[in-house]
Each structure stands twice: as structure tokens, then as C-alpha cells.
Amino acid sequence: MPGFEGKRGLVLGVANKRSIAWAIARRLAEGGAQLAFTYQGERIEQGVRDLAATVSSPLVTECDVRSDDDVARVFGEVAEAFGGELDLLVHSVAFAAAEDLEGRFTDTPRDRFWMAVDVSAYSLVACARAAEPLMEAAGGGAILTMTYLGGERAVPHYNVMGVAKATLDASVRYLAWDLGQKNIRVNAVSAGPVRTLAARSIAGFPTMESIVEERSPLHRHVSADDVGGAAAYLLGDDAANLTGTTLYVDSGYHAMGM
């Protein structure tokens with residue numbers, strides 16, 4: 001278990017106990033990190049607060065990542081909670097309209113195209129910018145986001161989310177360059193199909209699971225805990241010289257040609 005004693009982190013994207021973001025948060029908390037959490041909307045607020053209480057979180061706050069004002073407010077609250085410093089940022093936020101995750105990508109309307117890119121990719125840029133002074137004050141930090149192979153290859157029904165993930169992947173590399181001079185690392189984990197609340201909105205998700213199990217070298221599913229372990233490595237000191245990279249946690253599926 002990587003040690004995170006004395007580290008302070010912000011986790012965006014916990015929806016419930018099956019969330020990848022929660023699996024990551026548990027690993028960090030078990031390693032000694034102190035964590036703040038955001039949630040999106042009243043519907044999941046209490047569940048996030050209940051989970052955060054199990055790791056003695058000092059801050060749980062709502063965040064609309066499409067609002068620059070809201071992002072600024074959240075990081076102001078984080079600065080107050082953690083003495084003006086931040087060591088870790090976990091970005092596990094993505095959204096596309098359900099109707100755009102079925103049918104044809106070609107039919108995606110302009111407004112929902114930009115919404116998917118805004119929430120799923122630009123939000124990382126906005127949060128990294130807000131985290132930068134807090135991480136600089138801490139002497140450096142680590143930022144992690146969640147991506148998927150659908151940003152590199154066409155995955156039927158992933159559609160506009162794949163385009164958003166491609167934007168996210170490029171953003172990781174450019175943020176790594178910009179922030180590296182301040183000892184801030186930026187990486188991504190590309191997970192295979194994991195049974196989360198978000199996954200339910202993808203048409204054909206069971207088919208994606210079965211194909212990965214059939215064709216990946218390890219022939220098995222990926223769990224949120226698997227992703228949590230990989231994320232903890234990238235966020236920890238053992239990965240001090242890793243930045244601008246993507247770690248695949250997909251039973252090796254990404255390596256296969258067919």
C-alpha cells in the first residue's frame with residue numbers, strides 16, 4: 001500500500017460505493033490521506049456524505065464543473081480546509097446525454113457534443129488550473145483522471161464520449177508539460193468496462209464486458225478495486241517520475257489487434 005500520510009486530496013466524481021472514484025478514495029484514505037469530496041446534485045448528496053464520513057472527510061461540497069465560479073468556490077473551500085495546500089487531485093467526472101450513447105455518433109447535435117466535451121474534458125483543465133497554486137504551495141502534487149480506450153479507437157455506442165475522452169487524453173499531456181515545472185504530475189488511468197452507475201447509460205455495456213473477457217490476454221473482468229490500486233500507484237511517491245502517461249487497467253485488452 002503506497003503511503004499517503006500527511007497528504008491532502010480532493011476527489012471529484014463519487015456517486016456511490018461502486019464508483020471508481022470511491023475505490024480510489026478508499027485506497028488513498030487507507031494509506032493515510034485526508035480527503036475532501038465533491039458531489040453533483042441533491043440526488044446523490046447524502047450518499048456521498050455518508051461515504052465521506054467513513055474516512056473522516058473535513059469537506060464535502062457540491063460542484064458544477066461547467067461553472068468557473070463554482071470551481072473557484074470549491075477550491076477556495078479546499079484551501080481553507082487544508083491550510084492553503086493540496087497534494088492530490090482525483091478527477092473522475094464525465095457526462096454525455098443517454099440518447100447520444102446509442103445510435104449513431106453522426107447524429108450528435110452540436111449542443112450535446114460540446115456539453116460532453118465540457119464536462120468530461122475541459123473540467124480537468126479548469127480543476128488543474130484551480131489546483132495549481134495550492135499544489136505549488138505544497139511543493140508539488142499529483143493529478144489523476146479517468147479515461148477509456150474509446151478515446152483512441154471507435155467503440156460502438158460510446159460515440160461522443162469517445163471524442164470527449166480523446167480530448168481528455170490530449171489535455172493530460174499538455175497539462176503535464178505546463179505543470180511539470182512546478183513538480184505537479186498529471187496522469188490517467190484507462191480502465192476496462194467496470195460496472196458503475198455511469199456504465200449503465202451505455203447501450204450494449206454487457207457486450208463490451210463479454211468482448212473484453214473473451215479477447216483480453218487475462219480473460220477476466222476489471223473491478224473498481226483494480227483501478228483503485230493502479231490509481232494509488234500513479235498518485236504515490238513511487239511514481240514520482242511518471243507524468244503525461246496513461247496506465248491501462250483492462251486485462252491487457254488494449255494490446256490486442258482483434
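Two strands are taken to pair if DSSP finds at least two bridges between them, and by that rule this structure holds an open sheet of seven strands in the order 3-2-1-4-5-6-7, with parallel pairing. The model is a predicted one, in which local features need pLDDT of at least 70 and side-chain atom pairs count only at pLDDT 80 or more, while totals for chains, interfaces and linings use all residues. Residues are numbered from 1 along each chain as its sequence is written, and side-chain values use heavy atoms, with hydrogens and water left out. Helices (H or I, at least four residues) and strands (E, at least two) are DSSP runs, numbered from the N terminus.

- Strand 2 (residues 34-39) and strand 3 run parallel and are joined by four bridges, and Ala36 stands opposite Leu59 in strand 3.
- Helix 4 packs on the sheet, where it touches strand 1 (8-12), strand 4 (88-91), strand 5 (141-147) and strand 6 (184-191), and its direction makes about 175° with that of strand 4; contact means heavy atoms within 4.5 Å.

**Helix 4 with helix 5**

- The axes of helix 4 (residues 110-137) and helix 5 (residues 159-180) come within 8 Å and cross at roughly 20°.
- The two helices are therefore roughly parallel to each other, on a scale where angles under 35 degrees count as roughly parallel, over 145 as roughly antiparallel, 65 to 115 as roughly perpendicular and the rest as oblique.
- The crossing of helix 4 and helix 5 is right-handed; a crossing is left-handed if the near helix is turned anticlockwise from the far one by less than a right angle, and right-handed if clockwise.
- Among the residues that make this contact are Phe113, Leu124 and Glu132 of helix 4 and Met161, Thr167 and Leu179 of helix 5.
- The residues of the contact divide into 15 nonpolar, three polar and one charged, where Ala, Val, Leu, Ile, Met, Phe, Trp, Tyr, Cys and Pro count as nonpolar, Asp, Glu, Lys and Arg as charged, and the others, Gly among them, as polar.

**Helix 3 with helix 4**

- Helix 3 (residues 68-81) and helix 4 pack at an angle of about 30°, with their axes 10 Å apart, and are therefore roughly parallel to each other.
- Helix 3 passes helix 4 in a right-handed crossing, and the contact includes Asp68, Val71 and Phe75 of helix 3 as well as Cys127, Arg129 and Leu134 of helix 4.
- By class, this contact has nine nonpolar, no polar and two charged residues.

- By class, the contact of helix 1 with helix 7 has nine nonpolar, two polar and three charged residues.
- Rings of Phe, Tyr and Trp (its six-membered ring) pair if their centres lie within 6.5 Å, with planes under 30 degrees apart counted as stacked, over 60 as edge-to-face and the rest as tilted; by this rule the count comes to three aromatic pairs.
- The rings of Trp22 and Phe37 have their centres 6.0 Å apart and their planes at 45°, so this pair is tilted.
- The pair links distant parts of the chain, with Trp22 in helix 1 (residues 20-30) and Phe37 in strand 2, 15 residues apart.

Notes: Axes are lines fitted to C-alpha atoms, for helices over the stretch in contact, and angles run from 0 to 180 degrees between N-to-C directions.
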